[in-house]
Amino acid sequence: MTTTTLPPLRDRLGLPTTAGRNRLVGAHLIDSLGTGLILAFTLVYFARSTGLGIAAIGAAVTTARLLALPTAIGVGPLIDRYGARAVAAGGNALSAVAFGGYLLAGQLWQIVLACLLAQIGHVAYWTSSTGLVVLAASEGERPRWFALVQTLRNAGMGLGGALGAVLVGDGGTGGLRLLVVLNAASYVVATALLATWRPEPAPAADAPAAAEPAAAPGGYLTVLRDRRYLLLVAVNLTFVFGSMILSMLLAVYITEGLHRQAWVAATLLVLNGLQVVLTGSVVAGRLERFRATRVIAAASLVNALAFALFAAVATAPGWAVVTGLYAAMFVYNLAETMATPFREELSVTFADPALRGRYLAVYQLSWNLGQAAAPGLLTLLLSRGAALPWLFLLLLSLLAVPGLLKLERMR
């Protein structure tokens, strides 16, 4: 009689080895919790606490984000010199100071300054976060770690957003100020966790480079000559545009384009969070035996299907609209769980280790540029036709596939 030995539960769930790395896990969760606390309420907070007009506050926040665009380029050399852990901890510390500044901001220039510091801290942390995974991951477990980080981010932001909604429910400024205080405190805790975490797999890798110019000749010019990496950045940009539907397109499409109630958009966002949290690690574990470029190409096709479904809903009969939206969201979430860990893995694999910070900074630029360009472009397309932004995203997803197949042939 033969007995079948099941693989360990950790492998069946697609989870990485986390022993000795609990501080890093906690830092990721708390950072995302803090982001979720304030993400949806920044404009509301400044409007209620300062009495300034919402249009002026929006312009101030936009100005701050535009001023912060070069942050990733400045952060790259810091990662190469001081290590990802130190820069990530510094980014969280700066975020704590910035949100403390929210409590003192009463004029437009003060709002710009506080939001600028917060955005710099945010970009510094997330540019470094990929390097943190390199420090933490055991051999062959990087995709699992990237999936875990994605899960922690979605769970933390979801919990933070829910807590934030409870705190501001009274309509006064007291709950909003408490929200900002809790957010600043969360970044203090995340800073302490990162500062006291000691990577075990390769602790030397986080040490400052002894002679950075000699170890990393050419700097950013070397990165810009790397055609394979630039193609990866271009491919990632297609996913960045797709990711912006959650914050910039979905709600306005449903309420203005389809003339449906806002609760439909809210439930779709909940579905996104739950599906990614519950299935992200499992999907990454099941797909890790396949070539990363093929997995991402398949995810691009799945994304294209999701955007086709979203577009089709605009002309669907009334009884099919909500069902079609849920189906499209399910398919979109599947593409997200498939692609994200493996895109992050390629961003590390294709980078020269001596210039990893600079490579990751250029990779982060695809996020910064996409997040800056997508809101205006997607809403412009939506104003011309309810299906147009989805058809644009569908085309981008299809264009990513030959780019990914070309990556396989480039060395």
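These legends go with several close-up views of one predicted model. Residues are numbered from 1 along each chain as its sequence is written, and side-chain values use heavy atoms, with hydrogens and water left out. Because this is a predicted model, local features need pLDDT of at least 70 and side-chain atom pairs count only at pLDDT 80 or more, while totals for chains, interfaces and linings use all residues.

**View 1. Helix α13 and its buried face.** Helices here are DSSP runs (H or I, at least four residues), numbered from the N terminus; strands would be E runs of at least two. Helix α13 covers residues 245-257 and spans only 14 Å between its end C-alpha atoms, whereas a straight helix of 13 residues would span 18 Å at 1.5 Å a residue. That expected span is 1.5 Å times one less than the number of residues. Look for I245, L249, L250, Y253 and I254, which are buried (under 20% relative accessible area; exposed is over 50%, partly exposed in between, with a 1.4 Å probe and protein chains only). Seen down the axis of α13, its buried residues fall within an arc of 115°, so they line one face of the helix; the arc is that of the directions from the helix axis to the C-beta atoms. Over on the other side of α13, S247 and E256 are exposed.

**View 2. What sits over α13, and what comes just after.** The cover over the buried residues of α13 includes α12 (227-243), α14 (262-287), α15 (292-313), α16 (318-349), α17 (356-384) and α18 (388-409). Contact here means heavy atoms within 4.5 Å.

View 3. The elements giving two or more residues to the patch are α8 (142-167) and α9 (173-196), and α9 gives the most, with three. Check out L178 in helix α9: L178 is partly exposed, at 40% relative accessible area.

**View 4. The D80–R358 salt bridge.** Side chains of opposite charge can pair when their charged atoms come close. A salt bridge is a side-chain nitrogen of Lys or Arg within 4 Å of a carboxyl oxygen of Asp or Glu, and the structure holds four of them. In this one, the closest N and O atoms of D80 and R358 are 2.7 Å apart. The pair links distant parts of the chain, with D80 in helix α5 (residues 71-82) and R358 in helix α17, 278 residues apart. Both D80 and R358 are buried.

**View 5. The E288–R144 salt bridge.** Here the closest N and O atoms are 2.7 Å apart. E288 lies in the loop between α14 and α15 and R144 in helix α8, so the pair ties together parts 144 residues apart in sequence. E288 counts as partly exposed at 28% relative accessibility, while R144 counts as buried at 7%.

**View 6. R294 and E408 in a salt-bridge network.** The side chains of R294 and E408 meet in a salt bridge (2.5 Å, N to O). R294 lies in helix α15 and E408 in helix α18, so this pair ties together parts 114 residues apart in sequence. R291 joins R294 and E408 in the network.
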